[in-house]
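Hi there,

Here is the structure I promised to pass on. Have a look first, and then read on for what turned up in it.

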Amino acid sequence: MTSDAVPADPRSTREPFDPADVTWTPVSRRLVGARLTVTAIVLTPVLALLVLMAVFAGEAWLWVFPALVALLALWIVWLVPRQVNAMAYAERADDLLVRRGIMFRSLVVVPYGRMQYVDVNAGPLARRFGIASVQLHTASPATSASIDGLPPHEAARLRDRMASRGEARLAGL
Amino acid sequence: MTTAPGTPNAPGTPNAPDASGTPDARGMPDALGTPRAPDVEVESDEYVTGWRRMHPVTPALKGWKVLVAVLAIGWFQVGENLRQAIDLMQGKAFLALLGGILLIGLIGFGYSAVAWRVTRFAVTDEAVHLRTGILFRQQRQARLDRLQAVDVVQPLLARLVGLAELKLEVAGGSGSAVSLAFLRESEAEALRAELLALAAGLQRPGTVVPAAVATPEGTTGTPGTPTAPVAFEVAPERQVYELPMGRLVKSTLRSGTVPTLLLIVAAAIVVSIASRDISAAFVLVAPLFGAVTFVWSRINQGANFRAAISPDGIRLRHGLTESRAQTVPPGRVQAIRLRQGPLWRGPDWWRVEINVAGYGQSDQQQRDTVLHPVATREEAMTALWMVLPDLGVDDPAALVEAALTGKDTDGGFTTAPRRARWVDPVGWRRHGVRVTDRALVTRTGRIWRSVDVVPHERTQSLGLAQGPLQRRLGLASFVLHSTPGPVAPRVQHLDAGVAAALLDEQAERARTARASATPEQWMRAVGAPTPADPDPEPTTAPPEPAPDREAPAVPPRTGADA
C-alpha cells in the first residue's frame, strides 16, 4: 500500500467490489422497464410541449430544446440498463451485501444482527411490472441498503429470511 | 470478565460465559424498541400500580411558555407599526389588551393544569410508563433494558424553585424520549438512581430502605403497593475532569467563528472608509448576531462542565442558565470523535464528541453529545479512556498520539497510498486507519484534525465507496455506519484491495465482538451485586486518570463493553 505505481501492489488488482467468496444475485431486469417507464412519463409531456412550441413559433433555433431533451432521453435509455446490471445483492451466513453503481460505486455490508426492521415497498407502477423493493434499516441512518427490483415472491422471501436471521443473531445496540 | 479485559474479544471464545446471559436480556424481538412503533404500547397498562404525579408546580412552569409564545407572536405582529399600535393603546383599548393577555395567560395555565392532572407515570421493574394527553390520550412505555441515557435537566426557572426534569432516552427514533417534568430535585435524583439500577439489572432492595437516600417524596404515590418505589442508593461517583471557565472562553474565542467575524469587521471598515459611506457597516448586523449567539451558546452549554465516572456510567454536568446532568450507562457510547481546528493547535485543545443512540435525533444534539468541550491532551485521553478503557493495544498512549498528530504509518496506521495525492494533495498523508483488538481508529484531516474511535461491537454496518477518479487510481473509501450523531467514521482513499480486505475483516471482527459483548443490563455481567454492596470498582479505579498506562489493567467496572 506504500507503492506508488498502480499495478505494483498485487492486492489492488483484486476487484474490491467483488469479494471472492460471494455469489451475487442480480436484481430483476424488469426494473429497466419500470425505470424507463418513469422516465417516459416525465419526459414525454416535456418533449411534446417543446416540439409544439417549436412548431408554432416557427423559429428554427427553438428545436434545440426538444433535441436536448431527446438526447437526455437517449442517455437515460443507455444508462438505465447498465445501472440495473450493476445492482446486485448477496446473502452470506451473517450479513447481507448490497452493491450498486458504475461510475460512483458503493458496497454495503449489513449484519443480520444489526437489522432493526425491513421495509418492502411496491408502488402501482412497480406492481404492474411485477417488482418490489426491499429496504433494510439499522440503527444508523447512514446504512443505505435498499434493493430495488425484486420479484414480489423474492422480496417476501428475503424479508422473512432477514427477519428470522435477524432474530437469531440479534444484538443490542 | 471485567477483571480480564482481553476476554470479550479473545479469539475462539465467541460464546464466553457471560454471553450465556444474553438470551434473556436480548430475547425480545425488537433490538431497539422497534423504531417504527417507538416504545409506545397501545395495549393497556392497567396492571401497573404505583402511579405518581408530577410536582404540582409544573403547570406554573409550563404555562409560562404559552404566555411567552403569544406575547412573542403579538410583538412580531405589532413590531412593524409600533407607533400606530401605541396610538391605539389609549384608554379602553389598553385595558382590553391587558385583559386579553391575562386571558391567554389563564388559558395557558389552565391547560397546563389540566395536562398536569392527567399526566401520571409509574416505574416497574421492566419499564417506565407515562400517561399523557387531554384529548388524545397517550400511554408510553419505555423499556429499561433499552435505556440509552438519563438526563436531569433544570431550566433556569425550574432551578430557582428546586425542580428538575428527568429525561429518558431509549433510542426509538425522534420523539421517543420519555420526559418526566417536573419533579422535585431530590426526587429526580432518586428516580434516576432507581432507573439506572433497574436498567443495570439489579434487584430492588426490598423493604430495606437505605438510610442514605430515603426520600419521602419517592413513596407518596401509593404507599403499600408492592411496586411502590423503594429508594435505591445513589451510585458513588468520582470526578474525572472539569473545565475551567477561562479555558472555555479562550477556546471559544479561538474557535474559527470569532476570527472570521474579525475579518468581516475589518473588511467592512475598510470598505466604508474607502467609499466614505457608513451603510457598508450594516452588513455586519447579521454575522455579528450569529457570532454572538454562537459564542453565547458555546459558553452557556460548556460552563461548569464536569465529568465523573460511577457504576451507572459516565456522568456529565454542564450549563450556565440551564443545568444538565447526563448519565450515559456503560456500553451506550457508540463512537467517539476528537477534533481540533487550526487555532486550537497551539494550546493543543481537543473537542471530544460521542454518539449515543437516542441523543442526536433531537435538535439539541449539539449539547447532548459533547464529552468534553475543550480538552487538553491528557483530558482527551482520559475522556477516551472513560468510554473505552481498553483500546486493545499494548501502548495506548503511543497509539492515541499517532492518531491525533501523526501522519503516514506512525503508530501502525494503514494509510492512503502515495497516488492518493492526486485526489487529496493536502490531507492524503493523514488519512489512515488502525484496527486494534477492541476498536477501529480512523484518522483524518491535516488542518482540521479529527480522530474517530468505534468499538467493534458497536459497528452498525459497513460500506465501500468509489468514485471515477478513485477507480482510475485503484483507490476506495471505507465507511463505517454508526448511530446518528456527530461521529461518522470514514477513511478516504485507501488502496482498493486494502479497503476491501478491511471491509471483510471488520465485518468478521464486529460479529465476534458482538457475540461476546456484555449484556444490555450491564450489572448482569458482574454477577449483579445487590445495591447494599455497591460495585467496588469506582474506588479501585485509578486515583489518577492515567489512561496511558493503567487503563488496560483497571477498566472501570463493566466498561469492558464500552
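The accessible surface of chain B comes to about 24,400 Å² (Shrake-Rupley method, 1.4 Å probe), and carbon and sulfur atoms account for 62% of that surface. Please keep in mind that this is a predicted model, in which local features need pLDDT of at least 70 and side-chain atom pairs count only at pLDDT 80 or more, while totals for chains, interfaces and linings use all residues. Residues are numbered from 1 along each chain as its sequence is written, chains are lettered from A, and side-chain values use heavy atoms, with hydrogens and water left out.

Chain B has 562 residues, and 53% of them are buried (under 20% relative accessible area, 1.4 Å probe, protein chains only). Its secondary structure comes to 15 helices and 21 strands (DSSP runs: H or I of at least four residues for helices, E of at least two for strands). Of the chain B contacts (heavy atoms within 4.5 Å) between residues at least 6 apart in sequence, 63% join residues at least 24 apart.

Now to chain A. There, 3 strands make an open antiparallel sheet in the order β5-β6-β7, where pairing takes at least two DSSP bridges. β5 (117–121) and β7 (145–150) of chain A each have a single partner strand, so one side of each lacks a neighbour in the sheet. β5(A) pairs with β6 (residues 132–137) of chain A over 5 bridges, and N121(A) sits opposite S133(A) in β6(A).

Happy browsing!

Technical notes. Buried < 20%, exposed > 50% of the residue type's maximum accessible area, 1.4 Å probe, protein only.
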